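Here is a short report on helix packing in one protein model. Keep the 3D view open while reading.

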Amino acid sequence: MENLSRRKALSLGVALGLVGVANPARAWASEGSVTQGSATGAAAGTGPEWIWDDAADPLMASMIDGGHVPAINTAWASWVNNNDPLPGGLPAEFAAYLRQVNRLPSWADPVKLARAADFNRRKDTYLFMLYGLGSGIMSTVIPREAKSVYWSAGGADMQDRAAKTFTFGYDLSELGAFKPTGQFVVTANKTRVVHAAVRHLLPQSPHWRAVADETIPISAADILVTFHSLGTYVYRKLLDWKVPFPAADQEAFLHSWQVAVHLLGVPYEHIPKTWAEAERQSARVLTPILTPSTEGIALAEELLGLTAQIDLGVTRGFLNEFVRYVLSDEVGDWLGLKRDYASAALVRTAWPAFILFREGLSPVMPGAFYMFDQFVRALAMLFLNKGSSGTTTPITIPTGNRPG
């Protein structure tokens with residue numbers, strides 16, 4: 001069984017471009033923290049699988065048990081841009097917490113963040129596809145994530161849940177995302193609060209407890225696994241697809257994710273310092289754990305069903321084959337994605353040609369160019385507030401779990 005698991009990890013590692021799966025034992029500590037000497041308090045030397053959020057967790061337990069969440073959701077609906085003043089109507093303790101965390105860390109580099117935002121907008125076509133059909137579907141074969149999502153309140157409305165997840169990446173990708181007029185710092189802090197709420201609520205669900213292998217969800221380790229399924233995965237795919245990706249853009253892209261992960265509450269010393277380190281960490285903590293689950297299979301079907309609503313001549317067979325293309329046939333088989341060999345041939349020939357043409361590396365426009373181009377834009381709009389807004393998706397704090 002151990003050899004079988006090792007072969008599975010190796011085959012997936014090759015398919016996803018996450019090579020070097022030589023030792024699947026967990027190894028979290030960064031070889032060099034984002035900023036030297038930044039490990040503080042109890043987090044120093046503590047594995048992130050045992051770290052949650054000492055600042056937000058007790059606060060949100062108090063807010064939920066005290067019945068304050070509906071008022072908070074109403075009050076902070078107008079709190080969108082990073083430089084927006086905190087709205088009135090918030091409990092004093094909650095407002096004090098937001099004033100403390102709603103800022104960039106001292107080590108954030110505004111030049112790198114600006115370059116990352118510019119890179120994200122230049123490459124948004126690939127990012128939408130990779131985040132949406134790559135990382136989004138990969139999350140359904142990350143067992144802890146799939147089970148937590150499915151049994152939380154968000155799992156009962158996957159279009160709304162997908163919209164909230166998508167807006168995190170969208171706001172991160174926006175020009176000026178970290179500037180006062182951007183939205184990402186607020187989005188990240190709202191997301192951190194939602195995570196804290198879920199940590200309090202989900203252990204109360206008998207359905208989640210029956211399938212979970214952890215007693216409290218969304219540890220710092222779980223957030224890092226999600227980072228690798230997003231940032232590290234996308235980084236490797238862009239290189240594999242030979243998308244022009246200069247070293248300065250790579251460094252800036254990583255820095256934006258380092259800041260994002262920090263804003264979600266992950267201790268500094270566990271945030272990878274380089275992409276080489278990120279890939280090594282991903283090979284140890286993400287690739288070996290990928291496997292199907294009942295909840296994950298159901299979520300994947302819901303997500304692909306939502307995407308099929310776009311109906312721009314893109315069939316479900318195309319979606320299935322694009323997922324297989326960006327993740328692997330093994331993942332496709334786990335999720336029961338039916339084969340469409342005509343679509344498979346289209347994806348494997350037209351998508352590389354699409355990239356070459358968009359990057360000015362080929363004068364030949366592939367016949368499927370407009371189909372890909374329109375599909376990417378429709379995908380973005382579908383998940384931005386259920387298609388009703390192209391700018392933001394309201395993030396609300398849950399007060400319960402998915403019904404049985």
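Helices α6 and α15 are roughly perpendicular to each other (angles of 65 to 115 degrees count as such; under 35 is roughly parallel, over 145 roughly antiparallel, the rest oblique). Their axes come within 10 Å and cross at roughly 80°. Axes here are lines fitted to C-alpha atoms over the stretch in contact, and angles run from 0 to 180 degrees between N-to-C directions. Helices are DSSP runs of H or I with at least four residues, strands are E runs of at least two, and both are numbered from the N terminus.

This model is predicted: local features need pLDDT of at least 70, side-chain atom pairs need 80 or more, and totals for chains, interfaces and linings use all residues. Residues are numbered from 1 along each chain as its sequence is written, and side-chain values use heavy atoms, without hydrogens or water.

**The α6 and α15 contact**

Contact means heavy atoms within 4.5 Å. From α6 come Met-129, Leu-130, Leu-133, Gly-134, Ile-137 and Met-138; α15 supplies Leu-319, Phe-322, Val-323, Val-326 and Leu-327. Ten of these residues are nonpolar, one is polar and none is charged. Nonpolar covers Ala, Val, Leu, Ile, Met, Phe, Trp, Tyr, Cys and Pro; charged covers Asp, Glu, Lys and Arg; the others, Gly among them, are polar.

**Helix α15**

Ten of the twelve residues of α15 are buried, meaning under 20% relative accessible area with a 1.4 Å probe, protein chains only. Among them are Phe-318, Asn-320, Glu-321 and Arg-324. Ser-328 follows α15 and has a positive phi, near 135°.

**A second pair**

Helices α5 and α12 pack at about 105°, with axes 8 Å apart. That makes α5 roughly perpendicular to α12. Contact residues include Lys-112, Arg-115 and Phe-119 of α5, and Asp-249, Glu-251 and Phe-253 of α12. By class, this contact has seven nonpolar, three polar and five charged residues.

| Helix | Residues |
|---|---|
| α6 | residues 124-138 |
| α15 | residues 316-327 |
| α5 | residues 110-122 |
| α12 | residues 247-263 |

**The whole protein**

The protein has 18 helices and zero strands. Of its 404 residues, 56% count as buried. Among contacts with a separation of 6 or more, 76% join residues 24 or more positions apart.

Definitions and conventions: Buried < 20%, exposed > 50% of the residue type's maximum accessible area, 1.4 Å probe, protein only.
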